Amino acid sequence: MKSTIASTILLSSLALAMPQPEVARAAQQTDVANLMDLVIAGKLKCYNTAVLFARGTFDSGNIGVWVGPALQQSVLNELDDAAAFQGVSEKDYPASLGDYVKTSGSKTCAKSCAKTVTDYLKKCPTANIFLSGWSQGALCTHTCLEELKGTTALKNIKGVTTFGDEAGLMDPKVIPAFPKEIPVKSFCVEDSVAPDVLCTKTLASGFKLPSSISEFKDIVVDAMIGLTKVAVNSEQRSSVSSILFGMTSGFLSVTDYFLADVKAGKVRRWAVLPQHFKYASNGMTGEAAEWMNAQIKKA
């Protein structure tokens, strides 16, 4: 009861400071990429390289607006448009806060990811496949490879790129390490003043983790109100209100998990801050595309 009351207070106080969620634009397509599905359906010829991307929590479409589109453009630029870029199905993977905190990431994302890979390889058996993910989507790349374990599809996986991967904060029995034979390039904002604490090995000096619901509001939610300063385009700016609304309204259903994590010393996985959203604007998606190209040339 106390946690429910505290959560309600959190929502009420935040409502005065945050913008209200906007109606989604029906014509928006920048957050969707389905080239692998079109190949699988026989509507396009095979691309020798395919990249399957899993978006982060609350992100829209199937590639989102924060990392997916920038990575897509970087990959197409690097490979002269010779790549099928695809997002994990929005229907199969809702990228919800509940999945993130209750089961350390969506299990349906892993199954959907593995199915898309195997279906694509049935059409294009010699294709080079890359998996990529941001935030909760990065966790999906771990579990997707676990789903593919023991299959012939694994030999076509030429690499994995992750952004803001929280796997180090999760139970390794639930989120396994990547197979040693798969090349991996992980990107994390390691800025000494404002790092992405979801993926850094150590916390920033002086950074305090929340130990109560009120501190969660003060340390995390209030900081996230400044997310508009990180946004670099209209799509990202438009999504800020939806992210804030999703964080606060979704918190009602997972408050007990937050308090349990506080007690168990696992609350760091709740410390999502604006710097977790910088991967499209700091050049790391371009580095990821260059790395993928290098892996193709090695093959």
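This is a predicted model: local features need pLDDT of at least 70, side-chain atom pairs count only at pLDDT 80 or more; totals for chains, interfaces and linings use all residues.

User: Okay, salt bridges to start. How many does the structure hold?

Analyst: The structure holds 6 salt bridges.

User: Give me one. What does Lys-111 meet in a salt bridge?

Analyst: Lys-111 meets Glu-147. The N to O distance is 3.5 Å. Lys-111 sits in helix H5, residues 107-123, and Glu-147 in helix H6, residues 136-148. So the pair ties together parts that are 36 residues apart in sequence.

User: And how exposed is Glu-147?

Analyst: Glu-147 counts as partly exposed, because its relative accessibility is 38%.

User: What about Lys-115? Which side chain does it meet in a salt bridge?

Analyst: That partner is Asp-119, at 2.6 Å from N to O.

User: How far apart are Lys-115 and Asp-119 along helix H5?

Analyst: They are 4 residues apart in helix H5, so about one helical turn separates them.

User: Got it. Where does Glu-215 come in, and what does it meet?

Analyst: The side chain of Glu-215 meets Lys-208 in a salt bridge of 2.7 Å, N to O. Glu-215 is partly exposed, with a relative accessible area of 21%. Lys-208 is also partly exposed, at 46%.

User: Which residues do salt bridges with shared partners join into one network?

Analyst: Lys-115, Asp-119 and Lys-122 are joined into one network that way.

User: New topic: disulfides. How many are there?

Analyst: The count comes to 4 disulfides. Count the bonded cysteines along the chain, and the pattern is 1-4, 2-5, 3-6, 7-8.

User: Which cysteine does Cys-109 join?

Analyst: A disulfide joins Cys-109 to Cys-140, with 2.2 Å from S to S. The torsion about the S-S bond is about -100°, so this disulfide is left-handed. Cys-109 lies in helix H5 and Cys-140 in helix H6, so the pair ties together parts 31 residues apart in sequence.

User: How buried are they?

Analyst: Cys-109 counts as buried, at 0% relative accessibility. Cys-140 is buried too, at 3%.

User: And what's the story with Cys-113?

Analyst: Cys-113 forms a disulfide with Cys-144, and their sulfur atoms are 2.2 Å apart. The torsion there is about -80°, so the disulfide is left-handed. Cys-113 is in helix H5 and Cys-144 in helix H6, so this pair ties together parts 31 residues apart in sequence. Both ends are buried: Cys-113 has a relative accessible area of 4%, and Cys-144 has 0%.

User: Is the link of Cys-188 and Cys-199 left-handed or right-handed?

Analyst: Right-handed, with 90° about the S-S bond. The sulfur atoms of Cys-188 and Cys-199 are 2.0 Å apart. Cys-188 and Cys-199 are both in the loop between strand E5 (184-187) and helix H7 (213-224), 11 residues apart. Cys-188 is buried, and so is Cys-199.

User: You mentioned H7. What span should its 12 residues have?

Analyst: At 1.5 Å a residue, H7 should span 16 Å. Its end C-alpha atoms are 15 Å apart, which agrees.

User: Which residues of H7 are buried?

Analyst: They are Ile-213, Phe-216, Lys-217, Ile-219, Val-220, Val-221 and Met-224.

User: Now rings. How many aromatic pairs are there?

Analyst: The count comes to 11 aromatic pairs. One of them is Trp-134 with Phe-277, an edge-to-face pair. Their centres are 5.3 Å apart, with 75° between the planes.

User: Where do Trp-134 and Phe-277 sit in the chain?

Analyst: Trp-134 is in strand E3, residues 128-134. Phe-277 is in the loop between helix H9 (255-264) and helix H10 (284-298). The two are 143 residues apart. Trp-134 is buried, and so is Phe-277.

User: Which rings are linked into a cluster?

Analyst: Ring pairs link Phe-216, Phe-251, Phe-258 and Trp-270 into a cluster.

User: Last one. What sits over the ring of Tyr-93?

Analyst: The charged end of Arg-55 does, 4.9 Å from the ring centre.

Notes. Residues are numbered from 1 along each chain as its sequence is written. Side-chain values use heavy atoms; hydrogens and water are left out. A salt bridge is a side-chain nitrogen of Lys or Arg within 4 Å of a carboxyl oxygen of Asp or Glu. Buried means under 20% relative accessible area, exposed over 50%, partly exposed in between (1.4 Å probe, protein chains only). A disulfide is a pair of cysteine sulfur atoms within 2.5 Å. The expected span of a helix is 1.5 Å times one less than its number of residues. Rings of Phe, Tyr and Trp (its six-membered ring) pair if their centres lie within 6.5 Å; planes under 30 degrees apart count as stacked, over 60 as edge-to-face and the rest as tilted. A charge sits over a ring if NZ of Lys or CZ of Arg is within 6 Å of the ring centre and within 35 degrees of the ring normal.
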